[in-house]
Amino acid sequence: MARGFSTPSPAERAARYLLLVLVLLLTVGPFLWQLSTSLKGPGEDVWSRTPGFLPQEPTLANYTEVTDTVPVWTYAANSLVVAAIAVIGNAAGATLAGFALARLRFRGARLVLGLFLATLVLPGEVTVVSQYVTVRSLGLTDTLAGVALPGAIAMLNVLLMRTAFRAVPPDLDAAALVDGANVWQRLVHVGLPNVRGMLSVVVIFTFIGAWDDFLWPLIVLNDPGKYTLTVGLQYLNGTFSANPRLIAAGTMIAFLPIVVVFASLQRFFFRGVEEGAVKG
């Protein structure tokens, strides 16, 4: 049977699967190794030349020892507060700003869009000093609000939401205007149902960015009781430097919330990718 032009040959198909396996090993392999190390018992040698991948004495005692020695749950709660502020700020602020830039006509719209684009040219490290001066002038140093404030609205998320709103067919807006819908009704009933995929992307990446951020919380926070999880887990390197099982357990504690958030929103995430952020 003759193959079509787009039908890969057996050799091409084998090369694709080999490449997928290689990428899987490079991305998921370190995570699985950390998980395996965190479950190994004290009698297993993790320093041997050929360590075993599967734990011979699986145990959850490493997680218990980490939580008993380091206030992991306090750090996790602080990170959750920071991530919640960032997610709510970006979900609301980026949505409103993106809708305004995409659907509303006002003087200076092009200038505002140009300024948003200009902020993406500068790396985040360049603005750290100015951000710290601003937070200090507001009296928010050594507070979780001061950690979350600079990331409450990201310019990239505004541009993503603008692109999603612009992809909504203009006929839907025109029909809503004929029916007498105002701006808020057009946003809630026409815009938002069609950009849920992109909004989930914004929520996922904002949560991951806020949860994993290390440099900014390290600069702003001084009180150990207010440390976020990524900053607090640096104690593991000093307290358990000779026990990689406990360091791996702390790493997994920091990683699992990201997995939960992505698993909860992946349906909307992939739907947004497949539909191009436009429903129906």
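This is a short walk through one protein chain, from its overall form to a few single residues. Please keep in mind that the model is predicted.

I will begin with the fold. The protein chain has 14 helices and zero strands.

Next, the dimensions. The C-alpha trace spans about 75 × 75 × 30 Å along its principal axes. The radius of gyration of the chain is 24 Å, whereas a compact globule of 280 residues would have one near 19 Å. Of those 280 residues, 35% are buried. As for contacts with a separation of 6 or more, 72% of them join residues 24 or more positions apart.

Now the interior. In soluble globular proteins, nonpolar side chains tend to be buried together. Here the largest nonpolar core has 33 residues. Which of its members touch the most others? They are Val66, Val72, Val147, Phe207, Trp211, Trp216 and Leu229. Several helices give two or more residues to this core, including helix 3 (72–103), helix 10 (196–212) and helix 14 (244–275). Apart from this core lies another, of 17 residues, with Leu101, Met161, Ala164 and Val202 among them.

Leaving aside neighbours within four places in sequence, Trp216 is in contact with Val128, Gln131, Tyr132, Val135, Gly146, Val147 and Pro150.

One is Ser36, which is found in helix 1, residues 10–38. Is Ser36 buried or exposed? Its relative accessibility is 6%, so Ser36 counts as buried. Not counting residues up to four places away in sequence, Ser36 touches Phe53, Leu54 and Pro55.

The other is Asp142, in the loop between helix 5 and helix 6. Most residues other than glycine have a negative phi. The phi of Asp142, however, is positive, near 60°. Why does Asp142 count as buried? The cut-off is under 20% relative accessible area, and Asp142 counts as buried because its relative accessibility is 19%.

To close, the points to take away are the 14 helices, the core of 33 residues and the positive phi of Asp142.

Notes:
Residues are numbered from 1 along each chain as its sequence is written. This is a predicted model: local features need pLDDT of at least 70, side-chain atom pairs count only at pLDDT 80 or more; totals for chains, interfaces and linings use all residues. Side-chain values use heavy atoms; hydrogens and water are left out. A nonpolar core is a set of buried Ala, Val, Leu, Ile, Met, Phe, Trp, Tyr and Cys residues joined through side-chain atoms within 4.5 Å. Buried means under 20% relative accessible area, exposed over 50%, partly exposed in between (1.4 Å probe, protein chains only). Helices (H or I, at least four residues) and strands (E, at least two) are DSSP runs, numbered from the N terminus. Contact means heavy atoms within 4.5 Å. The radius of gyration is taken over C-alpha atoms; the globule rule is 2.2 Å times the number of residues to the power 0.38.
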